Amino acid sequence: MSEMDALFAALRQAADPQTVECIENVVRHGSDRDLNRINALAFANQHHLDEEKTIAALLHAARIGAFEMTWNVLCPGCGGVLDSGATLKGVSQETYHCALCAAGYEPTLDEMVEVTFTVSPRVRRIAAHDPDRLPPVEYYRQIFFSSGVDLPEDLEAKFSRIQLEMIELAPGEKAFVSLQLPAQFVIIFDAVTHSAQFIDVKGEPTDERQTLSMVISRAHALNETLTLRPGLLRLTLENHTDRRVVPNVCIAGDELHDLLGRRRPFLTAKRLLTNQSFRDIYRTDTLDVDQRLKITSLTFLFTDLRGSTALYERVGDLAAFDLVRAHFRVLHEIVATEAGAVVKTIGDAVMATFPSPDRAVAAALRMREAMLRLNTEHGSDDLLLKIGIHEGPCLAVNLNDRQDYFGQTVNIASRVQGLADPNVIMTTEAIVGDAHVSDILRDSGITSASRMAELQGIGREVRIFALS
């Protein structure tokens with residue numbers, strides 16, 4: 001049995017067999033490009049697979065060494081990869097600057113950090129394992145741009161219409177290029193070092209030869225926009241790095257914006273952190289203890305059992321423990337199938353996260369039904385579940401050797417749960433105001449009653465909604 005056979009045999013034991021079979025087929029027969037920086041959501045859509053099962057399969061594949069998982073910091077403007085690392089611990093800068101967009105961004109885990117998967121060289125060698133040997137346009141496609149930029153198959157042909165020049169420079173090499181500048185905004189950009197120079201070409205055309213020198217280095221120097229006139233330009237490019245660079249000169253107009261403006265969903269760090277398979281596989285190996293990474297929107301669901309102390313007293317420790325354990329098992333299964341993750345349990349309480357409010361509400365409704373079924377099976381109303389949900393910004397942190405969350409959103413969600421009556425789902429306006437949640441409530445025939453409530457430790461009244 002080859003190493004590839006052994007790895008996929010192990011993977012079939014850990015993940016959905018149908019999904020693993022599809023991944024294995026692509027590894028054996030797909031193109032090199034298909035196996036570099038795989039966008040898990042696009043892969044699932046292309047092959048008609050379940051997204052959650054695809055993410056889980058790729059996570060297990062990375063864990064056993066069949067794939068390499070990469071965390072990429074993205075520019076929200078152009079979709080370029082500003083930094084890349086094997087773990088989220090590499091996202092350590094307060095601000096990331098995109099030379100192509102001439103803008104700086106504070107990293108958030110919602111849309112600025114993607115997670116991709118590349119086949120391991122031990123399974124199959126692909127061209128991207130040696131990126132400096134990729135053709136220049138393929139370097140831009142496979143290395144510089146994120147998996148969320150939906151680049152066309154004929155990228156080279158489309159790019160050639162706005163490209164004035166594209167060259168390769170070996171380490172230490174210098175090149176002289178003559179080109180005709182049109183009366184438009186022009187960018188000189190290298191995807192390896194992210195060096196950029198902007199040229200505003202305007203005014204009367206000139207017959208005089210204009211000259212410009214650009215040094216490409218690791219310094220990422222910010223260059224002021226130059227103003228030149230339409231006409232001939234003699235451009236000198238020097239590579240002061242120890243790698244091949246691939247500078248291009250292109251027109252930054254509508255065609256470029258249209259080319260880069262086509263976007264598709266991708267696996268964000270936020271979604272992965274709130275994925276049960278990821279938390280189960282990687283546990284504490286996610287954040288450094290000093291990291292504080294922002295998430296602009298995350299949905300928190302808290303549950304607790306009412307009267308669990310009396311339950312232990314009434315039915316005895318052993319029977320009560322079995323009931324509570326069954327309740328935990330059901331809640332974990334529901335959270336996972338709704339794209340969420342259980343962050344922790346505290347006594348008989350559960351703290352879970354979801355990527356969006358609708359997923360949390362769907363999970364809450366299923367939890368309530370599941371507890372009613374469990375009570376019916378046991379012939380009693382021992383499992384009285386209280387549920388609270390809230391959505392908002394937070395920080396992803398490492399607390400007590402666990403990837404956790406911190407902030408007022410977490411506090412509000414916890415306090416809202418504390419106000420819930422048994423079998424009533426208590427939410428905030430941020431939840432019921434979500435359009436997808438409104439659809440769920442309408443389709444389920446769920447009604448809501450609202451009131452203002454003062455939440456302990458919050459310092460202001462919050463409008464809360466009881467879903468019954």
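Residues are numbered from 1 along each chain as its sequence is written, and side-chain values use heavy atoms, with hydrogens and water left out. In this predicted model, local features need pLDDT of at least 70 and side-chain atom pairs count only at pLDDT 80 or more, whereas totals for chains, interfaces and linings use all residues.

A volume here is the space filled by probe spheres set on the points, which are joined across faces, edges and corners. The pocket is lined by 28 residues, and Arg33, Asp34, Ala42, Gln46 and Arg264 are the closest to its centre; a lining residue has an atom within 4 Å of a point. Helix H3 (40–46) and helix H5 (136–144) are the elements that give two or more residues to this lining, and H3 supplies the largest share, 5 residues. Helices (H or I, at least four residues) and strands (E, at least two) are DSSP runs, numbered from the N terminus. By class, the pocket lining holds 10 nonpolar, 10 polar and 8 charged residues. Ala, Val, Leu, Ile, Met, Phe, Trp, Tyr, Cys and Pro count as nonpolar, Asp, Glu, Lys and Arg as charged, and the others, Gly among them, as polar.

A search of the whole structure found 1 cavity of 30 Å³ or more; a cavity is a set of grid points where a 1.4 Å probe fits but cannot get out. The volume of the largest cavity is about 170 Å³. Its lining comprises 15 residues, with Tyr140, Phe145, Phe159, Leu256 and Leu260 nearest the centre. Two or more lining residues come from each of H5, helix H6 (155–160), strand E13 (247–251) and helix H7 (254–261). The cavity lining has 14 nonpolar residues, 1 polar residue and no charged residues. Because domain 1 (3–146) and domain 2 (158–261) both contribute to the lining, the largest cavity lies between them. The domain bounds come from an automatic or database domain assignment.

Strand E13 also belongs to an open sheet of 5 strands with mixed pairing, in the order E6-E13-E8-E9-E11. Two strands pair if DSSP finds at least two bridges between them. Strand E6 (163–166) and strand E11 (226–228) are at the edges with a single partner strand each, so one side of each has no neighbour in the sheet. Strands E8 (185–190) and E9 (196–201) run antiparallel and are joined by 5 bridges. Phe185 stands opposite Asp200 in E9.

Note on methods
1 Å grid on protein atoms, 1.4 Å probe; cavity = no way out; pocket = protein on both sides within 12 Å on 5 of 7 lines; lining within 4 Å.
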